[in-house]
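Please look over the structure shown here before reading on. The briefing that follows takes up its sheet, its surface and its backbone in turn.

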Amino acid sequence: ICLLIQILYIIKPFSSYRSMVFKVDIRTMSIRAKMVLGFLLVTIFCVLLVGITAYYGRADTLGRKELWEYIYTVVGIALNVMFVVSILFLTFVERNISIPLEVLAEEVDEFARRDHLEDVKSGVDLNRKRVKIYTGDEIEGLAESFGYMMNDITNYVDNLVSVTAEKERIGAELTLATKIQADMLPNIYPAFPERDEFDIYAVMDPAKEVGGDFYDYFLIDDDHLGLVIADVSGKGIPASLFMMMSKIIISDFAQMGLSPAEILEKTNDRICDGNDEDMFVTVWFGMLEISTGHVVAGNAGHEYPIIKGKNGEFTVFKDNHDFVIGGMEGMPYSQYEFDIEKGGTLFLYTDGCPEATDAHDELFGIERMLEALNKEPDAEPKKLLDNMKGAVDEFVGEAPQFDDLTMMAVKLF
């Protein structure tokens, strides 16, 4: 009877549900079952030893019938003693070890089965309660540790959802900022469909969602075209804000009929006023007289313009560079003049073009720019810019874009 009870006790906790959770193809035996099986084997071994000892101890003094009655009595007493001891010990083990561990395992299994990310998104309570086990030993400490771990995981999922939502919000705002910035730049072509004396095309490809480069062109009067290309220090949102402010200021002063030098001076003073972040912008500004091709320009620390000259090839026009806009208030600015022949083209750009780098940190350089322009020197402005962009992309390859890439071309007919 005692052995039957112990066997039933062994079968009771035999379960396979956890193996299904962890996708194990074998059935598992609980700690409680292993303890009972161990005590069963120890009981059988001890009873066998008691029986053998009783047999050899009284075999010489008792007859066969009395000997076996004596052995049965000793074995029965041993079995009952072992049964009582095992039940008491197993009750203690069950209460202090196996049941707490099973409770802990069930809590951990239930926690592991949940899709916490979906729960947070759907507003389901994540059940932050700790596993409550009071054994006063290492198992209680283990339960506390699991409780802290589950709480940390829950907090991490909460933070992950918050960060993801914030990232999506910022992404949406950056997309809108990109659209706003693109809308601020002239981007409808042909730009002046009623004018057949010239053609103009420009592009701005930011390194990030928004950039600091900008270009602008506008008719100052019927015979004068204002041209602007600029590069703000820095990148991203701060540069884009500074870029929009600079563009508006330059455009406003240009419409007042001032000379390029005066426009740069007044723009510099306006930007320096309240420029606590010490940002600056390089600017090339020119006024093109459409009827003659005569250009009056000023360069505030910007790249050299490139002009298609008499020989039919593009060459660099090395003009004088003045100080950048926003660097120091009260700076004087100069201007210079040159001419574009009929059929000639003026190419303007930011440093993102010559300073484009490949995977080996080699610069694209002015020579490659001239080679790309002279591939089809008589091409229309859009084709010239497409050729340049294609040459830069081929040179850079898989290397990430480091700087904004802005270009503008004006061709006279």
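**Briefing on the predicted model**

Asp 278 lies in the loop between helix 8 (260-272) and strand 4 (281-289), where helices (H or I, at least four residues) and strands (E, at least two) are DSSP runs, numbered from the N terminus. This is a predicted model, in which local features need pLDDT of at least 70 and side-chain atom pairs count only at pLDDT 80 or more, while totals for chains, interfaces and linings use all residues. Residues are numbered from 1 along each chain as its sequence is written, and side-chain values use heavy atoms, with hydrogens and water left out.

**Backbone**

- The phi of Asp 278 is near 55 degrees, a positive value in a residue other than glycine, and Asp 278 is exposed, with a relative accessible area of 63% (buried means under 20% relative accessible area, exposed over 50%, and partly exposed in between, with a 1.4 Å probe and protein chains only).
- Asp 361, in the loop between strand 9 (345-349) and helix 9 (365-373), also has a positive phi, near 60 degrees, and counts as exposed at 64% relative accessibility.
- The peptide bond from Tyr 189 to Pro 190 is cis, with omega near 0 degrees, and Pro 190 is placed in the loop between helix 6 (138-184) and strand 1 (198-205).
- Most residues other than glycine have a negative phi, and most peptide bonds are trans.

- Five strands form an open sheet in the order 1-10-9-6-7, with antiparallel pairing (two strands pair if DSSP finds at least two bridges between them).
- The edge strands of this sheet are strand 1 and strand 7 (314-316), each of which pairs on one side only.
- Strand 6 (residues 306-308) runs antiparallel to strand 9 and is joined to strand 9 by two bridges, with Ile 307 standing opposite Leu 346 in strand 9.

**Nonpolar surface patch**

- Ile 44, Leu 48, Ile 52, Tyr 55, Tyr 56, Trp 68 and Tyr 72 make a nonpolar surface patch of about 770 Å² (patches are made of residues with over 30% relative accessible area and no salt bridge, with like charges joined within 9 Å and nonpolar side chains (Val, Leu, Ile, Met, Phe, Trp, Tyr) within 5 Å; a salt bridge is a side-chain nitrogen of Lys or Arg within 4 Å of a carboxyl oxygen of Asp or Glu; accessible areas come from the Shrake-Rupley method with a 1.4 Å probe, and for residues only the protein chains shown count as cover).
- Helix 3 (31-58) and helix 4 (64-113) each supply at least two residues of the patch, and helix 3 gives the most, with five residues.
- Tyr 55, found in helix 3, is partly exposed, with a relative accessible area of 32%.
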